[in-house]
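Please look over the sequence and the model before reading the report below. It is written for a reader who meets this structure here.

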Amino acid sequence: MLTIGSIVLGVSDVPRAVTFWTRALDYVPRDALRDDFVVLRPADGGPGVQVALMGSDTAPQEHPRVHLDLYAGDAAGQAAEVERLVALGARRVDWDHYPEDPDFVVLADPDGNRFCIIDTSR
């Protein structure tokens, strides 16, 4: 049986992506950093999906087919996480597919990869 080992994000600047994602997720590099690839894991050694960052020259998709959903416990937590991530270098995305009353906020990491902050209380 297969299991997911890592989710891989293509990035144009691996060291910059490491700085953002380690702070965003409280993750650390699993192995020594390379210029073109690194795997991040939870800092506390506990369970959690690994995130790999791979150097890529491909531009991020405006409407990606695959993206990360990051969970916040409620609307206040969601708002606080959005502000924290923006302060770390994420940017808000003017998402044209928002439903009338969304439970998610679309952000982009410093490389432009889209991800969502979900209010799981809804």
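This is a predicted model: local features need pLDDT of at least 70, side-chain atom pairs count only at pLDDT 80 or more; totals for chains, interfaces and linings use all residues.

Residues are numbered from 1 along each chain as its sequence is written, and side-chain values use heavy atoms, with hydrogens and water left out.

Helices (H or I, at least four residues) and strands (E, at least two) are DSSP runs, numbered from the N terminus. Two strands count as paired if DSSP finds at least two bridges between them. An open sheet with mixed pairing is formed by 4 strands in the order 1-4-3-2. Strand 1 and strand 2 (27–29) are its edges; each has a single partner strand, so one side of each is left without a neighbour in the sheet. From one strand to the next, the twist averages 30°, where axes are lines fitted to C-alpha atoms, for helices over the stretch in contact, and angles run from 0 to 180 degrees between N-to-C directions.

Strand 1 and strand 4 (residues 50–55) run parallel and are joined by 6 bridges. Within this pairing, Gly10 has Met54 of strand 4 as its bridge partner. Strand 4 is also joined to strand 3 (residues 37–42), by 4 bridges in the antiparallel sense. Here Phe37 has Met54 as its bridge partner in strand 4, Val38 stands opposite Leu53, and Leu40 stands opposite Val51. Strand 3 and strand 2 are antiparallel over 3 bridges, with Val28 opposite Arg41 of strand 3.

Which strands does helix 1 touch as it packs on the sheet? Helix 1 touches strand 1, strand 2, strand 3 and strand 4, and its direction makes about 165° with that of strand 4; contact means heavy atoms within 4.5 Å.

**The sheet of strands 5 to 8**

Another open sheet of 4 strands has the order 5-8-7-6, and its pairing is mixed. Strand 5 (68–72) and strand 6 (91–92) are the edge strands, each pairing on one side only. Strand 7 (residues 104–108) and strand 8 (residues 114–119) run antiparallel and are joined by 5 bridges; Phe104 stands opposite Ile118 in strand 8. Helix 2 (residues 75–88) lies across strand 5, strand 6, strand 7 and strand 8, at about 155° to strand 8.

**Pockets**

On a 1 Å grid over the protein atoms alone, a pocket is an open set of points with protein on both sides within 12 Å along at least five of seven lines, whereas a cavity is a set where a 1.4 Å probe fits but cannot get out; lining residues have an atom within 4 Å of a point. Grid points are joined across faces, edges and corners, and a volume is the space filled by probe spheres set on the points.

| Pocket | Volume |
|---|---|
| Largest pocket | about 280 Å³ |
| Second largest pocket | about 160 Å³ |

The largest pocket is lined by 17 residues, with Leu9, Gln61, Pro64, Val66 and Asn113 nearest its centre. Strand 1 (residues 6–11) gives the most to this lining, with 4 residues. By class, the lining has 8 nonpolar, 7 polar and 2 charged residues; Ala, Val, Leu, Ile, Met, Phe, Trp, Tyr, Cys and Pro count as nonpolar, Asp, Glu, Lys and Arg as charged, and the others, Gly among them, as polar.

Residues lining the second largest pocket include Ala24, Leu70, Glu81, Arg84 and Ile117. Helix 1 (14–25), strand 5 and helix 2 are the elements that each give two or more residues to this lining. Helix 2 gives the most, with 4 residues. The classes here are 7 nonpolar, 1 polar and 2 charged.

**Salt bridges**

A salt bridge is a side-chain nitrogen of Lys or Arg within 4 Å of a carboxyl oxygen of Asp or Glu. The whole structure holds 6 salt bridges. One of them joins the side chains of Asp111 and Arg16 (2.9 Å, N to O). Asp111 lies in the loop between strand 7 and strand 8 and Arg16 in helix 1, so this pair ties together parts that are 95 residues apart in sequence.
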